[in-house]
Amino acid sequence: MLVLFRWFHFILTTYFVYTNISQNVAPAKIEKAANSQTAHIGDTVAFKCDISGNPIPSVTWGKGKRLLKDEGRVLIETAEDFSELEIENVVKSDEGEYTCLVKNDFGEDTCYLTLTIRGKNRIPELPSSPASLRYWLSS
């Protein structure tokens, strides 16, 4: 009788544990990937990925084969449902391919995006007086 009770207890425990686990877990996934962008030197760019998964996935941003850290001009913000990479005051060397990797115990997902950098996008300030305008146009 004790063996039958233990067997029955094992079956019920296994069923409830399996049911709870299977209903609550989800592989890490990028729901909406960031888009590639073109920016000018000195601009600030932001790449945002909407993410999901249970348990909440870890997020890693990279450029080429290098992992990016939240320091200096690079800002990384991650919450339960999104991760955003922001690069302030971009320079030519920021150009390249970036990756966002989300990962949990049940899976992983990656998106790839490209940042293209153009020269400065500055419109020259026009002189305020006609005499200054003539001088500006002649130079």
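# Briefing: sheet, core and pocket

Five strands make up an open sheet with mixed pairing, in the order 2-9-8-4-5. Its edge strands are strand 2 (37-40) and strand 5 (66-67), and each of these pairs on one side only. The model is predicted. In total, the secondary structure of the protein consists of two helices and nine strands.

**Overall layout**

- Along the sequence, the elements follow the pattern α-β-β-β-β-β-β-β-β-β-α.
- The protein has 139 residues, of which 22% count as buried.
- Among contacts in the protein with a separation of 6 or more, 59% are between residues 24 or more positions apart.

**Strand pairing in the sheet**

- In general, the strands of a sheet pair through backbone hydrogen bonds, and the pairing is either parallel or antiparallel.
- Strand 4 (residues 58-63) and strand 8 (residues 96-104) run antiparallel and are joined by six bridges.
- Two of the residue pairs between them can be named: glycine 62 has threonine 99 of strand 8 as its bridge partner, and valine 59 has valine 102 of strand 8.
- Strand 8 also runs antiparallel to strand 9, with nine bridges joining the two.
- Strand 8 and strand 9 form a hairpin, and two residues lie between them.

**Threonine 99, a residue of strand 8**

- Threonine 99 lies in strand 8, where it is the bridge partner of glycine 62.
- Threonine 99 has a relative accessible area of 18%, so it is buried; the cut-off is under 20%.
- Leaving out residues up to four places away in sequence, threonine 99 touches Thr60, Trp61, Gly62, Thr110, Cys111 and Tyr112.

**The largest nonpolar core**

- The largest nonpolar core has 21 residues, and those touching the most other members are Phe47, Cys49, Trp61, Leu85 and Leu115.
- Strand 1 (26-32), strand 3 (45-54), strand 7 (82-87), strand 8 and strand 9 (107-118) are the elements that give two or more residues to this core.
- Phenylalanine 47 is part of strand 3.
- Phenylalanine 47 counts as buried because its relative accessibility is 1%.
- Apart from residues up to four places away in sequence, phenylalanine 47 touches Ala34, Asn35, Gln37, Trp61, Ser83, Glu84, Leu85, Leu113 and Leu115.
- Phenylalanine 47 and isoleucine 87 are 40 residues apart along the chain, and their C-alpha atoms are separated by 8.8 Å.
- Leucine 85, when neighbours within four places in sequence are left aside, is in contact with Val45, Ala46, Phe47, Trp61, Leu68, Val74, Leu75, Ile76 and Tyr98.

**The largest pocket**

- Rolling a probe the size of a water molecule over the atoms shows where empty space is left.
- The largest pocket holds about 160 Å³ of space.
- Its lining consists of Lys63, Arg66, Leu67, Leu68, Lys69, Glu71, Arg73, Val74, Ile87, Ser93, Asp94 and Tyr98.
- By type, the lining residues are five nonpolar, one polar and six charged.
- Leu68, Val74 and Tyr98, which are among the lining residues, are also among the contacts of leucine 85.
- Ile87 is another residue of the lining, and its C-alpha atom is 8.8 Å from that of phenylalanine 47.

Notes: Residues numbered from 1 in each chain as written. Predicted model: local features only at pLDDT ≥ 70, side-chain atom pairs only at ≥ 80, totals over all residues. Heavy atoms only, no water. 1 Å grid on protein atoms, 1.4 Å probe; cavity = no way out; pocket = protein on both sides within 12 Å on 5 of 7 lines; lining within 4 Å. Points joined across faces, edges and corners; volume = space filled by probe spheres on them. Nonpolar A, V, L, I, M, F, W, Y, C, P; charged D, E, K, R; others polar. Pairing = 2+ DSSP bridges. Helix = DSSP H or I, 4+ residues; strand = E, 2+ residues; numbered from the N terminus. Core = buried A, V, L, I, M, F, W, Y, C linked by side-chain atoms within 4.5 Å. Buried < 20%, exposed > 50% of the residue type's maximum accessible area, 1.4 Å probe, protein only. Contact = heavy atoms within 4.5 Å.
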